[in-house]
Amino acid sequence: MPNEMNSITVTRQQVAKMIDHSLLHPTMTDEDILSGLGIAKKYNVATACVKPYLIPMAKKELEGTDVLVCPVVGFPHGNSTTQVKVLEAEAAAKAGGKEIDMVINIGKALSGDWDYVASEIKQINTVVTQSGAALKVIFENDFLQNEHIIKLCRICSDVGVAFVKTSTGYGFVKRPDGLYSYKGATVAHLKLMREFSSPQVQVKAAGGVRTLDDLLHVMSLGVTRIGATATEAIMTEAEKRGITDEPTQVTFKPMDEGVAGAY
């Protein structure tokens with residue numbers, strides 16, 4: 001029998017509203033996007049996470065629902081100038097993006113140029129919030145050490161962003177054998193981000209949260225949003241497990257402490 005630590009009480013809506021349905025792969029066609037937006041509508045998730053040029057399509061397809069449009073900025077590597085990121089974020093918010101996921105300048109973080117990193121996040125948060133949207137800040141944890149993650153959590157807490165986020169799903173690290181891989185959201189990093197972010201800053205797990213068990217486990221850690229491509233599989237499993245509109249106690253298989261699977 002699973003122990004008490006491996007159970008949680010949830011509703012179907014709570015599960016659905018944990019999900020930013022991710023439509024970010026570079027090869028996705030308009031047909032793929034329309035299909036993905038249909039999934040977002042069907043399950044009434046929190047947001048559909050899209051590339052900026054897709055904001056008009058997403059707005060049209062999601063009209064009449066409470067699924068928000070969530071465009072990305074500086075995605076996936078965060079290397080645009082601050083000026084360009086600010087313009088992109090402002091344009092995305094004014095075009096209808098209600099939540100904006102931006103990637104930090106990872107090289108600047110690794111260089112310890114925290115004034116640059118903090119200034120960029122603050123400028124983007126300012127234009128996003130002035131347009132009535134909320135900002136999620138993507139760290140790309142696979143490239144970082146714990147001390148970088150802690151510092152970023154403190155910066156984001158000082159600025160007052162809406163969310164800190166683990167990964168893009170595309171932060172591949174070169175291994176000694178020359179191949180590339182990534183861990184994405186890990187339990188250890190999620191615990192660290194929740195501990196060192198202020199209570200007002202929410203935590204989003206992205207990259208590798210592929211199953212209902214994964215979602216329930218990160219929810220139990222205080223994570224309030226995930227990025228997922230496996231939305232349909234997660235919601236289908238929730239139905240099979242008897243999760244309804246009434247609070248339902250369910251057990252879950254924990255993720256490994258250090259590693260989440262890849263997409």
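Please keep in mind that this is a predicted model, in which local features need pLDDT of at least 70 and side-chain atom pairs count only at pLDDT 80 or more, while totals for chains, interfaces and linings use all residues. Residues are numbered from 1 along each chain as its sequence is written, and side-chain values use heavy atoms, with hydrogens and water left out.

Let me begin with the sheet, where strands (E, at least two residues) and helices (H or I, at least four) are DSSP runs numbered from the N terminus, and two strands pair if DSSP finds at least two bridges between them. Eight strands form a closed barrel with parallel pairing, in the order E2-E3-E4-E5-E6-E7-E10-E11. Neighbouring strands of this sheet are turned by 25 degrees against each other on average, direction ignored, with axes fitted to C-alpha atoms, for helices over the stretch in contact, and angles running from 0 to 180 degrees between N-to-C directions.

Across E7 and E10 lies helix H8, residues 187-196, running at about 165 degrees to E10; contact here means heavy atoms within 4.5 Å.

How many disulfides does the rule give? The count is zero, a disulfide being a pair of cysteine sulfur atoms within 2.5 Å. The sulfur of Cys49 has its closest cysteine sulfur in Cys70, but at 3.7 Å that is too far for a bond. Cys49 is buried at 1% relative accessibility, and Cys70 is also buried, at 0%, where buried means under 20% relative accessible area, exposed over 50% and partly exposed in between, with a 1.4 Å probe and protein chains only.
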